Amino acid sequence: MKKVIVTTCFLLLISITIFSQTFEKYYHTSLDDHSSDAIQLSNGNYVIVINRGDFFTQFGDFNLLIIDPEGNIADSIIYSGSENFNYYGLSQLHNYNDSIIAGFRVCADEQSNSFLNIIKFDMEFNVLLDTIVGYEIPELYLFYDLFTIDYKLIVTATETVTNEVFLYEYELDNNILNYHSIIDTGGLINQWPMIIADLPDKNAFHLYLFDVYKTIYEINKTDFSINTTFNYYPFNFQPRKAISSFNNSTYFVAGRESDLSNPDVRFIPSYFEISQNGNILNYQIYDLQNDTSSYFVSDCFVRTENRIYFALTYNYTSNPPFTIIPEQRWIWLMCLYPDGALDWQRFYKGEVNYMPYKLLPTNDGGLLIVSNKYDWNDPVPYQRDVHILKVDSTGWYQGLTTGLPEQTKENQILVYPNPASDYVHFAFGYYSNLQIAIYSSQGQQVFTGQFDKKATFDISLLPAGMYTYTINNDNGFFERGKIIKQ
């Protein structure tokens, strides 16, 4: 094992204007750089996990990038592993306590047996523990981890020969791995453990399977027996994240529906509130137009004291929705009231391919969004970079501009391309039934209409110049902006 402390910045880290605890940064090297987690320390600094290597083979090492609350680089630590194992990227970081950070990643030996690599760092990022734990089980699929309140790392797994479902329980205090067989499927396939919800008041977990029965197992924490089973719905819902709700008797489960009505499967973000007794109380679905998808990665569904936040990738037109696709994609951030109604939404970036992987509420009331950027125009061999965006409580950040005069930071409707020469598109996100009007610089109305989900205008015959648009609905929504016709 080796650790390298980077005292000079050997990478290209582009900083955009920093103001009032907001910033934007890119991590760019000649490798594939991929980030899937971030935490905030008690001193306000952020730790960003960046896995480095080749996306199509493995990530040989990872970088812990430390950024202060203003967005400045505080430190950068590169860490690699044993040459006897292949590593698949550090997937999670946990604030173990005020002095220790714990992380884990999956690795495999030369016989393709899968293991867990547990690593502990102190606050100066000295390595306190680096251990590989597990059993020689071929074709082991590790799915979802949960850091419980009693300092245990719980990881669901399936052994794909017999399809036995079990839990790894790693005690971070004592550095002990426990193995708990949960379900003997009898060799049945397509019974994959997806998420775990912690129920401390019941001394139990809820373990969700993605199977034909949509099964929830209530697992006793003491002896790991099955107390009872429940079911969730709909049939095409894939659970991806469980978080606490606004009361102690329920929790939220976010996931994505699959629209199977045509050969090009669409993914639709959704979530429900569910009681500890398995009763689904409130199902919310955030569907868009039927010719594109919005993709949800599990760590992009979070809750604060009085709001729920969803970060998604907008504009998937490929199936399956891999990130290495030369297609414009935006980061779509929704702020929801406790009942799931939309408070506000923002669209970010979109000049190339962006996909958010981590949404982190920050101690100043804002949000840190960690996404991966794929620019197919980049001449470097590996074209994936990491994009780090810190926004305030309204979704705004210093440097959020469109290049157009009089454009306000509160705009919630995506208008692209802008400037435009032939067609201009309006994407409403979760808004619908909007009235759009477009005016020339002389005040003449050139387009108007009522639209649902999206709108497209052919402006190819309009004279070049500046145009104004207004958007409104019967509920009082109003937005004004500018379009440049080239």
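What you are looking at is a predicted model, in which local features need pLDDT of at least 70 and side-chain atom pairs count only at pLDDT 80 or more, while totals for chains, interfaces and linings use all residues. Residues are numbered from 1 along each chain as its sequence is written, and side-chain values use heavy atoms, with hydrogens and water left out.

Let's start with the whole chain. The protein chain has zero helices and 38 strands; here helices (H or I, at least four residues) and strands (E, at least two) are DSSP runs, numbered from the N terminus. Of its 486 residues, 59% count as buried, where buried means under 20% relative accessible area, exposed over 50%, and partly exposed in between (1.4 Å probe, protein chains only). The protein chain exposes about 20200 Å², and carbon and sulfur atoms supply 49% of that; accessible areas come from the Shrake-Rupley method with a 1.4 Å probe, and for residues only the protein chains shown count as cover. As for contacts (heavy atoms within 4.5 Å), take those between residues at least 6 apart in sequence: 49% of them join residues at least 24 apart.

How far does the predictor trust all this? The mean pLDDT of the protein chain is 86, and 88% of its residues reach 70 or more. Confidence is lowest in strand S1 (residues 2-5), at a mean of 36, and highest in strand S25 (residues 301-303), at 97. The pLDDT is below 50 over residues 1-11, a stretch that has 32 contacts in the model beyond near neighbours in sequence. Residues 14-19 are also below 50, with 15 contacts counted in that way.

Now zoom in on Leu207, found in strand S17 (residues 204-210). Leu207 counts as buried because its relative accessibility is 1%. Not counting residues up to four places away in sequence, Leu207 touches a list of residues including Val165, Ile182, Ile183, Ile195, Ile196, Ile216 and Tyr217. Met194 is 13 residues from Leu207 in sequence, and their C-alpha atoms are 7.6 Å apart in space. Compare Ser258, in strand S21 (residues 250-259). Ser258 has a relative accessible area of 18%, so it is buried too. Leaving aside neighbours within four places in sequence, Ser258 is in contact with Asn236, Val265, Arg266 and Phe267.

The rings deserve a stop of their own. A pair of aromatic rings is described by the distance of the centres and the angle of the planes. Rings of Phe, Tyr and Trp (its six-membered ring) pair if their centres lie within 6.5 Å; planes under 30 degrees apart count as stacked, over 60 as edge-to-face and the rest as tilted. A search of the whole structure finds 41 aromatic pairs. One of them is the tilted pair of Phe166 and Tyr179, at 4.6 Å centre to centre with 35° between the planes. This pair links distant parts of the chain, 13 residues apart: Phe166 is in strand S14 (residues 164-171) and Tyr179 in strand S15 (residues 176-183). Phe166 counts as buried because its relative accessibility is 0%, whereas Tyr179, at 31%, counts as partly exposed.

Tyr233 and Tyr283 form another tilted pair, 6.1 Å centre to centre and 35° between the planes. Tyr233 lies in the loop between strand S19 (226-231) and strand S20 (237-244), and Tyr283 in strand S23 (residues 280-285), so the pair ties together parts that are 50 residues apart in sequence. Tyr233 is partly exposed at 43% relative accessibility, and Tyr283 is partly exposed at 23%. Elsewhere, Phe246, Phe252, Tyr271, Tyr286, Phe296, Phe301, Phe310 and Tyr430 form one aromatic cluster.

Last comes strand pairing, which requires that DSSP find at least two bridges between two strands. Strand S32 (residues 414-416) runs antiparallel to strand S33 (residues 423-427), joined by three bridges. S32 and S33 form a hairpin with six residues between them, and Tyr416 stands opposite His425 in S33. S33 also pairs with strand S36 (residues 454-458), in the antiparallel sense over five bridges. There, Val424 has Phe457 in S36 as its bridge partner.

Note on methods: pLDDT is the predictor's confidence in each residue, from 0 to 100.
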